[in-house]
Amino acid sequence: MQSKSERLFRGQLDKLQPKLRMIANGTDAVNAVRAELSAAMRVEEEVLLEAAPPCRGQGAVPIKRSEMPRSVVRGKLPGLPSKVAVNVFVQLEDPAARPGDVIAGTDAQRRDLVITTMSPNDIPRLLAQKDVAWVEIGETLKAPRPTIAGGSVAAPSPSLRKFSGASGPPKVLIGIVDVEGFDFSHPDFLDGNGRTRWAAIWDQGGNARPAPSTNAAHGYGAEFLKPHLDAAIKAAPRLGVRAWEVERQSHAVDGSHGTHVASIAAGNLGVCRNAALAGVLIGLGPEDGDRRKSFYDSTRLAHAVDYLLDLGRVMGLPVAINVSLGTNGHAHDGSAPVSRWIDSAMATPGRAVCVAAGNAGQERPEAANDFGFIMGRIHTSGRIPARDLVTDIEWMVAGNGMMDISENEMEIWYGPQDRFAVSILPPDGRWIGPVGPRQFVENRQLRDGSFLSVYNELYHPANGANHISIFLSPLLNSQGIVGVKAGKWTVRLHGQEVRDGKFDAWIERDDPVRVGVADNREAWRFPSYLSERSNVDDSSVGSLACGQRIISVANLDEARGRIHISSSQGPTRDGRSKPDVAAPGTGVVAARGFSADPEKRWLAMTGTSMASPFVTGVVGLMLAKERQLTAAQVEGIIRRTARPLPGADFRWANDAGFGQIDPEACIREAGLLFAREDRT
């Protein structure tokens, strides 16, 4: 007998990612609430938005205790939801094929991957096409959370990030994909004539100007070009406002992350000075905004990278792109769709992408009231030694007066030669399972009203590995939200057939956000984390930083001569050396964007977000020196020239990569790309 999911998707479950199946198994009302917590979902109808008020910010729905409201019970799903939209990657069986016109908006394609926005109601029609091999929802882009130094900060020394070996203004485009806005009028970005060095800004969530017109896939948001920005700078004094108030981006946050990152990479006091700049502002709005109306997922990142590469081609310049955002889902082996998308674009010379390794390196408190370890306990690994043996993973959900209203996800990856089953023990509950290979539990409502979903899948189409997906979901309802049960959730793996037995698991991390108070309890969108017993302190580097041709950057604390405690570690699940290199990322002074006080122009931040643009700037100088460098050659040179940290040798280290980047050696080596000596 066919299950409900098999009937809904016409027996094509092997083509559909489990997370999409779970979403499609919810009503429009449920998904209207879920959209606030899911970057790749958006509510399409205003009536639905009004019927399901947000669970944070103004007008938020009341938070209920962790018990099921009597009036809320699970009913029968009338059909697939049609009033929400999701961003998906579609993998094709033939790279030359197209899904056709069954689903609109499939303009973005790179080799065997296509990006489209669709209603879950349209998924069965897409799966029915013979050329479709796999459909996967976009991954959430995590908001960067660097540590910000207090007090006033002076401008950095002009000599701090200035390196010899570069000659004249670098003929290169530095691209920044980031959040919170780009202050194009900051003095760090003005040339000698008072004009901005920003060539373009694509605000993906904005509407102040028309969308980019050069690529149909980028037909949303607002594009600000250099003439617009220069005109705003000229008009601002006469109007008595700031230039960025004339050309308004959707986000203009005081101390904006995007401005700070761009300043490090290519400000007048940055690394790649006088280079052309371009930015893509991801639609990741403020925490108290209504995120149900926007997308901020990995499909948007793929669009951003393509936009910057297209711009570089039009300008006739090589391109170095920085991404100080992250993802934490998928297999951490470079097989995620966005990683493959970017990797395929890096085959062309004159292109490179640098990605922050992440800030999930801390495993235990350093002092009282230090909760940084919660952000670090995201990875576990182990080995089931033989058939009929088991191993347990302890997965902690926040308690202590707080309620977790986020959706928590664990992904377990293991080799195709093995067969594992999985059982789940909720706090103060009963075992559920075991769930064997090719079996699933979908949106099972627990006694407290929350939901559990478990999918045990074989042979993922991108890497051939087996994977188990576990979702802990709150009750999402306009009458109130029941958080995930606080306490220890035990995930037990059963060895059914063991030839190797090794596994890795990651938690899809939510950053902590306070959303309200009810019944004297605080409600949080809070990260679940692994217990100290289960946490394994390696392979915490973000999945986006695991790409084959992506340069992954760790945070060097230069003053102490060591890697910062929060910097994420490698290796990748398939054993590759990520991060590649370390760069200054602790207490880094750079431009403070959108400051209302003209005396407060600079800001110090700490994080891999600050280390990555330093390397991006170095890569820009390398490409200006030799524009025919490929991303693989850039990576090789950076690894070759890196300097070991004190007490280390030249071998790769899981926190520092191959050591501290040596900018001048990188530039010098880039200039020798085509040098040959005839010794015939």
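What share of the 680 residues of the protein counts as buried?

A: The share is 61% of the 680 residues. Buried stands for under 20% relative accessible area, exposed for over 50%, and partly exposed for what lies in between (1.4 Å probe, protein chains only). The model is predicted: local features need pLDDT of at least 70, side-chain atom pairs count only at pLDDT 80 or more, and totals for chains, interfaces and linings use all residues. Residues are numbered from 1 along each chain as its sequence is written, and side-chain values use heavy atoms, without hydrogens and water.

The protein holds 14 helices and 33 strands (DSSP runs numbered from the N terminus: H or I of at least four residues, E of at least two). Among its contacts (heavy atoms within 4.5 Å) with a separation of 6 or more, 77% join residues 24 or more positions apart.

Now the rings. A pair of aromatic rings is described by the distance of the centres and the angle of the planes. The protein has 10 aromatic pairs (Phe, Tyr or six-membered Trp rings with centres within 6.5 Å; stacked under 30 degrees, edge-to-face over 60, the rest tilted). In one of them, Phe189 and Trp198 have ring centres 5.5 Å apart and planes at 75°, so this pair is edge-to-face. Phe189 is buried, at 0% relative accessibility. Trp198 is buried too, with a relative accessible area of 0%. Ring pairs join Phe182, Phe189 and Trp198 into a cluster.

Trp244 and Phe594 also pair edge-to-face, because their planes stand at 85°; their ring centres are 5.1 Å apart. This pair links distant parts of the chain, 350 residues apart. Trp244 sits in helix α7. Phe594 lies in the loop between β32 (588-591) and β33 (602-606). Both residues are buried.

Helix α7 spans residues 243-246 and also holds Val246. Val246 has a relative accessible area of 32%, so this residue is partly exposed. Trp244, by contrast, is buried.

Thr572 lies between β30 (562-563) and β31 (581-584). Its relative accessible area is 3%, so Thr572 is buried. Beyond residues up to four places away in sequence, Thr572 touches His332, Cys546 and Lys578. The Thr572 side chain also reaches the backbone nitrogen of Arg576 at 2.8 Å.

Note on methods. Polar contact = N/O pair within 3.5 Å; in protein donor to acceptor, adjacent residues only side chain to side chain.
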